[in-house]
Amino acid sequence: MKHIYLDYNATSPVRPEVLEAMLPFYREQFGNPSSVHWAGRQVGGALEKAREQVAAFINASPAEIVFVSCGSEGDNMAIKGSLGALKEKGNHIITTTVEHPAVLETCQALEKEGFDVTYLPVDKDGQLNLDDMEKAITEKTVLISVMWANNETGNIYPIEEIGAIARKYNIRFHTDAVQAVGKVPVDVQKAKVDLLVISGHKLGAPKGVGAIYVRRGTRMTPLLHGGHQERNRRAGTQNMAGIVGLGLACEMAGAEQESYYHRVRALRDKLEDGVVALVPDIKLNGTPNRDQRLPNTLNVSFAYIEGESLLLNLDMYGIAASSGSACTSGSLEPSHVMGAMCVEVTLAHSSTRFSLGPETVPAEIDKVLEVLPATVQRLRDMSPLYNCGRTSDNCETCQTIKRI
Ligand SMILES: Cc1ncc(COP(=O)(O)O)c(C=O)c1O
């Protein structure tokens with residue numbers, strides 16, 4: 001059976017060129033970049049080249065790039081490191097209800113330590129109201145943290161406008177750009193961000209490596225204590241192979257950005273149009289404006305069925321998609337993002353994410369459109385919700401379906 005992978009927002013395969021570039025750092029180029037001898041010097045150059053590649057990709061200076069182990073570490077470092085450095089100034093953070101757990105749970109942990117957090121709501125399409133943000137600012141606000149793009153819906157947030165608000169009030173601005181980099185242009189100068197987080201495994205580099213952009217002059221307390229690597233900003237011997245892979249993946253994504261956008265967007269639009277045309281009683285989750293969504297992401301709820309059973313049934317055809325985010329699947333709770341958008345609970349349970357990548361080809365989309373309508377119908381035929389007649393005035397699901 002041919003496998004069709006449509007879960008690129010969970011992770012992506014390492015690009016062959018990236019793997020090739022990494023291999024010497026597991027073999028002959030094994031040195032520690034902090035060592036002064038030949039073995040260290042041999043890899044030190046590669047470390048700085050990767051820093052330049054990552055910096056160029058987001059329009060930063062190499063000195064503003066700190067390598068970390070993953071996106072979650074970057075988000076923790078941005079938030080905790082900022083609050084540690086700014087505690088004399090204030091203790092209030094503004095974030096949103098739709099952030100990744102790497103941000104949300106960090107904020108929740110900080111609340112337990114006495115910090116104040118405002119979680120901005122979103123509307124039914126997952127959009128933020130920036131007036132709410134300005135109203136939430138107090139003289140104690142030291143950090144605004146808003147993701148560049150949402151991992152579940154693909155919604156892209158107005159980062160430049162948020163950056164302008166943060167500048168106006170002299171508040172530090174962090175963005176989790178883990179899902180955005182490689183999919184849409186990311187420019188830290190235009191966006192006026194102070195801290196921006198990247199994760200390697202979402203853009204064709206391996207798992208276990210990431211980077212954080214720290215604007216020059218941004219004071220941070222370190223998350224990890226120990227060695228003096230990364231100009232004292234992140235202790236621990238660098239993951240050289242991963243970093244070299246991340247550098248090349250960024251360079252390749254930068255070179256292919258435009259062609260990737262148009263190609264993947266055409267395929268996603270074809271999938272979206274096909275699902276809308278072929279499957280009744282569905283709800284698209286996220287903004288209906290496709291320009292304001294990542295070009296690769298489609299999130300759709302199929303009324304009357306469970307997302308998990310749909311995933312298992314698609315898996316039987318070799319099709320990999322996702323319900324909720326990979327980190328939360330396995331839990332019976334509907335996703336917090338669907339909850340924040342007030343998606344009715346049975347529709348939230350049936351929400352399914354298809355996320356395409358540079359390797360996705362048209363025949364794969366054709367196959368999904370061939371298999372999906374019949375699979376959904378088969379599951380509906382077995383569903384007590386579907387067979388209830390869809391007319392009951394006392395049934396919340398019936399009423400919701402009438403409305404979509
Ligand atoms: C928006 C977002 N932020 C952060 C992360 C965490 O990244 P990592 O898996 O590298 O820790 C993810 C991973 O899914 C994500 O989608």
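Two strands are taken to pair if DSSP finds at least two bridges between them. The model is predicted, and in it strand E5 (residues 141-145) and strand E6 (residues 172-176) meet this condition, pairing in the parallel sense over 3 bridges. Within this pairing, Ser145 has His174 of E6 as its bridge partner.

**Sheet**
- Strands of a sheet pair through backbone hydrogen bonds, in either a parallel or an antiparallel manner.
- E5 and E6 belong to an open sheet of 7 strands, ordered E2-E8-E7-E6-E5-E3-E4, in which the pairing is mixed.
- The edges are formed by strand E2 (65-68) and strand E4 (116-120), each of which pairs on one side only, and the twist from one strand to the next averages 20°.

**Helices on the sheet**
- Helix H2 (residues 38-58) packs on the sheet, where it touches E2, strand E7 (195-199) and strand E8 (210-214), and the direction of H2 makes about 115° with that of E2.
- Helix H4 (residues 101-112) also packs on the sheet, touching strand E3 (92-96), E4, E5 and E6, with a direction that makes about 145° with that of E4.

- Asn9 is located in the loop that runs between strand E1 (4-5) and helix H1 (16-22).
- Because its relative accessibility is 2%, Asn9 counts as buried, the cut-off being under 20%.
- The side chain of Asn9 is joined to that of Thr297 by a polar contact of 3.1 Å.
- Leaving aside residues up to four places away in sequence, Asn9 touches Asn151, Gln179, Lys183, Lys202, Asn296, Thr297, Arg353 and Ser355.

Technical notes. Residues are numbered from 1 along each chain as its sequence is written. This is a predicted model: local features need pLDDT of at least 70, side-chain atom pairs count only at pLDDT 80 or more; totals for chains, interfaces and linings use all residues. Side-chain values use heavy atoms; hydrogens and water are left out. Helices (H or I, at least four residues) and strands (E, at least two) are DSSP runs, numbered from the N terminus. Buried means under 20% relative accessible area, exposed over 50%, partly exposed in between (1.4 Å probe, protein chains only). A polar contact is a pair of N or O atoms within 3.5 Å; within protein, one must be able to donate a hydrogen and the other to accept it, and residues adjacent in sequence count only if both atoms are side-chain atoms. Contact means heavy atoms within 4.5 Å. Axes are lines fitted to C-alpha atoms, for helices over the stretch in contact, and angles run from 0 to 180 degrees between N-to-C directions.
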